[in-house]
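Here are some notes to read alongside the model.

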Amino acid sequence: MADDPNYERRDELLSHWQIQESLLQNYRTLFLTSQSIIFSIAATNISFMSFMAMLVLGWVLIWKWREITNARGLDVTYFQTQLLYLEKGIQPGKIFTEFRFWKNSNSIKEKKHFKKCLLEMNQPGRS
């Protein structure tokens, strides 16, 4: 089993997937912590202007963190897709080259289409 090139490739892809998944979960934890701090400051502050400032800051952070976590989530999807291709017998290309291409792609629409294809590929009854 250790002589199988797919075995080594699978381990490498799993390792990259775990890293991306861990980063995604850490970003989510950071977001919740920052929102909790802002909420507690806003709740204990009696000045209306300070409250409004915290409200605006909270909304800006929500918007920015959503963008960041969506991008990281798509990176997780990339490695999940590569693993699924390998399970179906399709050899992935160069991992870092293709991942850099994926990261540099500015089209979220393309990435979401890729994710949709992944979901369709894994429908029951499809090989």
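1. From the N terminus on, the elements of the protein chain run α-α-α-α. The chain has four helices and zero strands; these are DSSP runs, with helices being H or I of at least four residues and strands E of at least two, numbered from the N terminus. This is a predicted model, in which local features need pLDDT of at least 70 and side-chain atom pairs count only at pLDDT 80 or more, while totals for chains, interfaces and linings use all residues. Residues are numbered from 1 along each chain as its sequence is written, and side-chain values use heavy atoms, with hydrogens and water left out.

2. Of the 127 residues of the protein chain, 26% count as buried. Buried means under 20% relative accessible area, exposed over 50%, and partly exposed in between, with a 1.4 Å probe and protein chains only. Among contacts with a separation of 6 or more, 76% are between residues 24 or more positions apart; a contact means heavy atoms within 4.5 Å.

3. Helix α2 covers residues 48–87. At 1.5 Å a residue, its 40 residues should span 58 Å, and the end C-alpha atoms are 57 Å apart, which agrees. The expected span is 1.5 Å times one less than the number of residues. At the N-terminal end, S47 caps α2, with a side-chain oxygen 3.4 Å from the backbone nitrogen of M49. Such a polar contact is a pair of N or O atoms within 3.5 Å; within protein, one must be able to donate a hydrogen and the other to accept it, and residues adjacent in sequence count only if both atoms are side-chain atoms. Just after α2, G89 takes a positive phi of about 90°.

4. The largest nonpolar core has nine residues: L13, L74, Y78, F79, L83, L86, I95, F99 and W102. A nonpolar core is a set of buried Ala, Val, Leu, Ile, Met, Phe, Trp, Tyr and Cys residues joined through side-chain atoms within 4.5 Å. Helices α2 and α3 each supply at least two residues of this core, and the largest share, five residues, comes from α2.

5. Which residues of α3 are buried? In this helix (residues 95–104) they are I95, F99 and W102. They cover an arc of only 55° around the axis, which puts them on the same side of α3; the arc is that of the directions from the helix axis to the C-beta atoms. An α-helix has 3.6 residues a turn, so residues three or four places apart point the same way. The face turned away from the buried side carries the exposed residues T97, F101 and N104.

6. D75 deserves a look too: this residue lies in α2 and, at 1% relative accessibility, counts as buried. Leaving aside residues up to four places away in sequence, D75 touches Q20, F99, W102 and K103.

7. The structure holds three aromatic pairs. Rings of Phe, Tyr and Trp (its six-membered ring) pair if their centres lie within 6.5 Å; planes under 30 degrees apart count as stacked, over 60 as edge-to-face and the rest as tilted. The rings of Y78 and F79 have centres 5.0 Å apart and planes at 85°, so this pair is edge-to-face. Both Y78 and F79 are buried. Ring pairs also link Y27, F31 and W65 into a cluster.

8. Finally, Q18 lies in helix α1 (residues 5–44) and is partly exposed, with a relative accessible area of 48%. Q18 and V76 are 58 residues apart in sequence and 8.3 Å apart in space, C-alpha to C-alpha.
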